[in-house]
Amino acid sequence: MALAFGLPDSGRPEQGAAPAGATATQDRAPATGTGTASRGSGSPSPSGSARHPSPSADRGSSAGPDAATSGPAGGATADDKESTAVPLAITTHPYSWESPCSQHYLIDRPPTAVSPPPVENDAPAWVAVHQAVSAGEQFVTLTVQGSGKQTVVLEGMSVRMAGKRAPLAWNDYAMGYPGVGCGGGVPTHSFTVALDAVRPAVQPVAGQRGFPLSVSESDPEVFYVTANASAYDVSWYLELSWSSGGRHGTLEIGDKGRPFRTSGSNGRPAYAFPLGGEKWAPAQ
């Protein structure tokens, strides 16, 4: 079981919170970012750093960044470098919308200090400017693709809790416009997470196939994870377990190195932006 660790209780989004410590028992790498792929390669990058395989998991590769098998000239061969890299690339979109009507954000500002709702593609920048937190529900989209020659089996996905506090006492802003219809079907590979549970778990939507699944460089998969919270302000990561050949490991998935954050919003002052209007108004 993953261990939870406490985060600041200030009520504001964490800035620069670091992932949990590394382990040496298996490949384990953060896979974070918005619109960027993260490959575990053994050295830090803007979106995370890789952790290396144990000899028991892959006897032909190293257990550390500088211990690769040497070639004739004393340096690591190309095959050795490939064997130590996590064979997955993940693109993470923490602020996708299942529909505008379902997406709300909590913001510690009055309506006069909040910009009109963005379109979905501009949501990450809008969230950052307003230091917003997903309210009630967060819809995370993951594109998972193999990055090497072999097929990679995705064994399962789990939740690691990073903090649980009282829900934020901020204003609730809806992204949908009143009177404008919303809707749509449930996409393939959709999962839910009940963050209020004692042990939140990733569950496939009814009627859909769960793990294991496989990906390759030419056959990626897209996963849709809907996380719900009503009683708490929750910080959390996803962890994706994989195997390929004799190797195995876990990828930590978050929001640019920080945990995802979703807060309950029951009873909070709610605002909507009328279509064609000029300012936020109390939601009806």
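Reader: Are Tyr173 and Tyr271 buried or exposed?

Author: Burial is judged by relative accessible area with a 1.4 Å probe on protein chains only, where under 20% is buried, over 50% exposed and anything in between partly exposed. In this predicted model, whose local features need pLDDT of at least 70, side-chain atom pairs count only at pLDDT 80 or more, while totals for chains, interfaces and linings use all residues. Both Tyr173 and Tyr271 are buried, and Tyr173 counts as buried because its relative accessibility is 0%. Residues are numbered from 1 along each chain as its sequence is written, and side-chain values use heavy atoms, leaving out hydrogens and water.

Reader: Why is the pair of Tyr173 and Tyr271 called stacked?

Author: Rings of Phe, Tyr and Trp (its six-membered ring) pair if their centres lie within 6.5 Å, and planes under 30 degrees apart count as stacked, over 60 as edge-to-face and the rest as tilted. The centres of the Tyr173 and Tyr271 rings are 5.5 Å apart with their planes at 20°, so the pair is stacked. This pair links distant parts of the chain, with Tyr173 in strand β8 (residues 171–174) and Tyr271 in strand β16 (residues 270–272), 98 residues apart; strands here are DSSP runs (E, at least two residues), numbered from the N terminus.

Reader: Which kind of aromatic pair do Tyr173 and Trp280 form?

Author: Tyr173 and Trp280 form an edge-to-face pair, at 5.0 Å centre to centre and with 75° between the planes. Trp280 counts as buried, because its relative accessibility is 6%. Tyr173, Tyr271, Phe273 and Trp280 form one aromatic cluster.

Note on methods. Helices (H or I, at least four residues) and strands (E, at least two) are DSSP runs, numbered from the N terminus.
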